Amino acid sequence: MSTAAAPKISFVSLGCPKALVDSERIITRLRAEGYELTKQHQGADLVIVNTCGFLDSAKQESLEHIGEALSENGKVIVTGCMGAQPDEITSRYSNLLAITGPQAYESVLDAVHKAAPPAHDPFVDLVPPQGIKLTPRHYAYLKISEGCSNRCSFCIIPQLRGDLVSRPINEVLREAEKLAKAGVKELLVISQDTSAYGLDIKYQPQLWQDREIRTRFFELAKELGDMGIWVRMHYVYPYPHVDEIIPLMAEGKILPYLDIPFQHASPNVLKAMKRPGNQEKTLERIKKWRSICPDLAIRSTFIVGFPGETDEDFDMLLDWIEDAQIERAGCFKFEPVKGAVANDLPGLVPEEVKEERWHQFMQTQQEVSADLLARKVGKTLPIIIDEMGSTIAKGRSQYDAPEIDGVVYVRTPKALSAGDIVNVEIEKSDEYDLHGRLV
């Protein structure tokens, strides 16, 4: 008995890890229905582009990918954050199969079904229990909620993705357990506001392994920490209850790593951003955290050139960076985003001043990073391997997340595999990376 060939879908995933998880969920559903995936637009039955709409530069990248897909294939479905503002897309491209917003999985599947109906084969199970992942096999993103209930003046995420909606904790832990059983060695916990987890449902308890567990940040960290794999916390807003998880890091339950988007240090700028302005208290908390867990690594992001930022505000930021000794920091020049309140604030900073401040910030942070990394020379650290070369493997320490932080280059006389966790003696360092040998 002959069966129809499975329709082929080409998929483009743009934007942040949260969008990547959305892509994984759509792809998992497609594979479950028998669709094949291809990396080539030409020859595919259609193309899906999962867009990013946070910054104008990201929107332009999304539009370029949509244009390429239309040119090379002609049948294109657009989803993701930019889909929440479809006029910006249709004004440029009017001949799309469908446009859907973020997290609109059913709408994407409906559009796919109309354009390329699935070839059903009930005898073949195409989906592993953990679903389809776009990351390497040894690490995975675990998204615990959607949306955000904060109203930062520079951000339009709530407009695109709505207010905070937390996943039940038993559902999250079940997914984490499946990933661990599938061989994942590192979970990267993500959301728009990770430490607000459960707030929207009043920390509702759920039944997990014959116990009631509250849907809350600390309880989630504790349960994940008992799974015996690396657990890394991202997008952690510094609410007071974040203090509770630092002892878990000191005990080795979860990685000694916090990704906290501080954004600035000046109270005046933070007030204009509609973020907390008491950074002096934040410095005290960082010192307290490190007194409990000396190995704690903090990564953050900052914005320079925000409307109204004065020379004094910027100098305060540089001083704060030197005092806080942040291990990893990214910096962005303020960029207006359509629909953001910050666009109407007075005191626009000239582009050349933004550029100069960005370079000053990066130079200051580079010096901090180089000094902190130099202190690791001579130590032996556990390293998770990401890639293997002929004699040099590339991996990461507990203090480094994939794609955004530094790496560790490992001299090794034997072959290693991605996902191996090995001990490495650190022999030298540079501004962002470490170099060592397998022990």
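User: Is Ser-145 buried or exposed?
Analyst: This is a predicted model: local features need pLDDT of at least 70, side-chain atom pairs count only at pLDDT 80 or more, and totals for chains, interfaces and linings use all residues. Residues are numbered from 1 along each chain as its sequence is written, and side-chain values use heavy atoms, leaving out hydrogens and water. Buried means under 20% relative accessible area, exposed over 50%, and partly exposed in between, with a 1.4 Å probe and protein chains only. Ser-145 has a relative accessible area of 1%, so Ser-145 is buried.

User: Which residues is Ser-145 in contact with, leaving aside neighbours within four places in sequence?
Analyst: Ser-145 lies in strand E7. Strands (E, at least two residues) and helices (H or I, at least four) are DSSP runs, numbered from the N terminus. Contact means heavy atoms within 4.5 Å. With those neighbours set aside, the partners of Ser-145 are Leu-164, Val-165, Ser-166, Arg-167, Ile-190 and Ser-191.

User: Which residues does the UniProt annotation "binding site" cover?
Analyst: The annotation comes from an unreviewed entry. UniProt positions are given in the numbering used here, feature names are shortened, and annotations may be inferred rather than shown by experiment.

User: How are H6 and H7 oriented to each other, roughly parallel or roughly antiparallel?
Analyst: The axes of H6 (residues 169-181) and H7 (residues 217-225) come within 11 Å and cross at roughly 25 degrees. Axes are lines fitted to C-alpha atoms, for helices over the stretch in contact, and angles run from 0 to 180 degrees between N-to-C directions. Angles under 35 degrees count as roughly parallel, over 145 as roughly antiparallel, 65 to 115 as roughly perpendicular and the rest as oblique. Therefore H6 and H7 are roughly parallel.

User: Which residues of H6 and H7 make the contact?
Analyst: On the H6 side, the contact uses Ile-169, Val-172, Leu-173 and Ala-176. On the H7 side, the residues are Glu-219, Leu-220, Glu-223 and Leu-224.

User: Which residues of H7 are buried?
Analyst: H7 is largely enclosed by the rest of the structure, because 7 of its 9 residues are buried. Those buried residues are Phe-217, Glu-219, Leu-220, Ala-221, Glu-223, Leu-224 and Gly-225.

User: What is phi of Lys-202?
Analyst: Most residues other than glycine have a negative phi. Lys-202 is in the loop between strand E9 (186-190) and strand E10 (205-208). Lys-202 counts as exposed because its relative accessibility is 73%. Its phi is positive, near 55 degrees.

User: What is the relative accessible area of Gln-325?
Analyst: Gln-325 is not a glycine, yet has a positive phi of about 55 degrees. Gln-325 is in the loop between helix H11 (311-324) and strand E15 (328-333). Gln-325 is partly exposed, because its relative accessible area is 22%.
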